Amino acid sequence: MSKKPSEIACPKMELLAPAGSLPAFETALREGADAVYVGAPGFNARALARDFSLAELAAMASHAQSQGKRFYVAMNSLVKEHEVGAAVETLAFLAGIKPDALIIQDWGLLAIMRRFFPQLKAHASTLMTVNNSAIARHCQQQGFERVVLARELSLEEIGAIHQQCPVDLEIFIHGAMCFSYSGLCRFSSLHGGKSSLRGQCVQPCRRRYDWLPSGKRQLASGAGKGSGYLFSMNDLCGIEQLAGLRHAGVTSLKIEGRLKSVEYVRNTVKAYRLVLNARDASAGEQARTLAEAQRYL
């Protein structure tokens with residue numbers, strides 16, 4: 001049964017920051033992130049980044065949780081048959097360090113978790129392309145405690161999913177956008193066999209391209225009037241939408257960027273923390289805070 005608009009909860013939203021390095025991890029916590037997410041070695045959607053060691057993961061989990069922060073591990077690459085054994089070994093280790101949840105997209109991995117590691121909580125990755133309340137409800141029924149919605153959804157669509165399904169909702173609030181539907185893209189595979197769903201995207205959509213006249217194999221000197229970054233999406237910035245997202249029932253605001261610099265993490269977390277802390281202030285104070293946050297961004 002759907003909820004009435006007046007019954008929609010307005011939760012305190014979690015600010016979730018990326019960490020692709022130890023300095024970024026420390027910076028995110030220091031600047032006010034409520035939670036941090038990192039990649040599981042060998043099984044995350046940023047395989048081109050340096051993997052953390054298992055010892056580093058254990059130390060980060062302990063450090064974050066000792067400060068009352070949440071620690072999530074993205075194990076969100078698709079798992080091939082010959083990798084199942086290694087994936088089980090990784091799950092066994094993660095069960096021992098007790099992260100707050102794993103972010104996954106592989107249904108087989110979820111089945112293994114539910115059977116052998118029921119203490120591990122699961123969040124449905126944005127790579128599962130949850131676009132409506134039916135699949136959100138199905139994810140919840142299968143054991144996911146949170147769903148990371150597809151990045152293509154509008155504010156109205158997010159609110160409608162929340163009305164129809166009580167599962168916790170996470171959305172990307174800031175950072176790079178994918179040319180395709182939440183990473184379901186073969187563009188990278190075309191250019192060198194690097195699969196985006198295997199965490200190897202080389203981002204060919206970020207490159208400069210030229211339109212070639214019919215029958216031409218290359219451009220003459222001075223040609224290329226139609227050239228440009230024809231497939232590149234503008235980055236997402238939702239800092240002005242926080243009130244609407246809160247009302248829509250969003251639980252967690254995720255900043256994209258496990259491949260980004262420490263300075264990016266510092267400024268982005270600081271900006272969103274400022275605005276979140278001022279959400280109940282006067283209109284004038286909110287406007288001043290937003291202006292300050294936009295300078296950081």
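Student: At roughly what angle do the axes of helix 3 and helix 4 cross?
Tutor: Two packed helices are described by the angle between their axes and the distance between the axes. Axes here are lines fitted to C-alpha atoms, for helices over the stretch in contact, with angles from 0 to 180 degrees between N-to-C directions; helices (H or I, at least four residues) and strands (E, at least two) are DSSP runs numbered from the N terminus. For helix 3 and helix 4 (residues 107-116), the axes come within 11 Å and the crossing angle is roughly 45°.

Student: What does that make helix 3 relative to helix 4?
Tutor: Angles under 35 degrees count as roughly parallel, over 145 as roughly antiparallel, 65 to 115 as roughly perpendicular, and the rest as oblique. Helix 3 is therefore, relative to helix 4, oblique.

Student: Which residues of helix 4 make the contact?
Tutor: Contact means heavy atoms within 4.5 Å. Helix 3 contributes Val84, Ala87, Val88 and Leu91, and they meet, in helix 4, Leu109, Ile112 and Met113.

Student: How many residues of the contact of helix 3 with helix 4 are nonpolar?
Tutor: Ala, Val, Leu, Ile, Met, Phe, Trp, Tyr, Cys and Pro count as nonpolar, Asp, Glu, Lys and Arg as charged, and the others, Gly among them, as polar. In the contact of helix 3 with helix 4 no residue is polar and none is charged, and the nonpolar ones number 7.

Student: What should I know about the model and its numbering?
Tutor: This is a predicted model, in which local features need pLDDT of at least 70 and side-chain atom pairs count only at pLDDT 80 or more, while totals for chains, interfaces and linings use all residues. Side-chain values use heavy atoms, with hydrogens and water left out, and residues are numbered along each chain as its sequence is written, from 1.

Student: Is Ile112 buried or exposed?
Tutor: Ile112 sits in helix 4 and, leaving out residues up to four places away in sequence, touches Val84, Val88, Leu91 and Phe117. Its C-alpha atom is 8.9 Å from that of Leu91, 21 residues apart along the chain. Buried means under 20% relative accessible area, exposed over 50%, and partly exposed in between (1.4 Å probe, protein chains only). Ile112 has 17%, so it counts as buried.

Student: Are helix 2 and helix 3 roughly parallel or roughly antiparallel?
Tutor: The axes of helix 2 (residues 54-66) and helix 3 (residues 84-97) come within 10 Å and cross at roughly 30°. Helix 2 and helix 3 are therefore roughly parallel.

Student: Which residues in helix 3 does helix 2 meet?
Tutor: On the helix 2 side are Leu54, Leu57, Ala58, Ala61 and Gln65. The contact of helix 2 with helix 3 holds 7 nonpolar residues, 1 polar and no charged. Their partners in helix 3 are Phe93, Leu94 and Ile97.

Student: Is the crossing of helix 1 and helix 9 left-handed or right-handed?
Tutor: The axes of helix 1 (residues 22-30) and helix 9 (residues 262-277) come within 9 Å and cross at roughly 15°. A crossing is left-handed if the near helix is turned anticlockwise from the far one by less than a right angle, and right-handed if clockwise. The crossing of helix 1 and helix 9 is right-handed.

Student: How many charged residues does the contact of helix 1 with helix 9 have?
Tutor: Pro23, Ala24, Thr27, Ala28 and Arg30 of helix 1 meet Val262, Val265, Arg266 and Val269 of helix 9. By class, that contact has 6 nonpolar residues and 1 polar, and the charged residues number 2.

Student: At what relative accessibility does Cys205 count as buried?
Tutor: Cys205 lies in the loop between helix 7 (187-190) and strand 8 (236-237). Leaving aside neighbours within four places in sequence, Cys205 is in contact with Phe179, Phe187, Phe231 and Ser232. Cys205 counts as buried because its relative accessibility is 11%.

Student: What is the phi of Lys98?
Tutor: Lys98 is in the loop between helix 3 and strand 4 (101-104), and is exposed, with a relative accessible area of 60%. Lys98 is not a glycine, yet its phi is positive, at about 60°.

Student: What radius of gyration does the protein chain have?
Tutor: The radius of gyration is taken over C-alpha atoms, and the globule rule is 2.2 Å times the number of residues to the power 0.38. With 297 residues, a compact globule would have a value near 19 Å; the protein chain agrees with this, having 20 Å.
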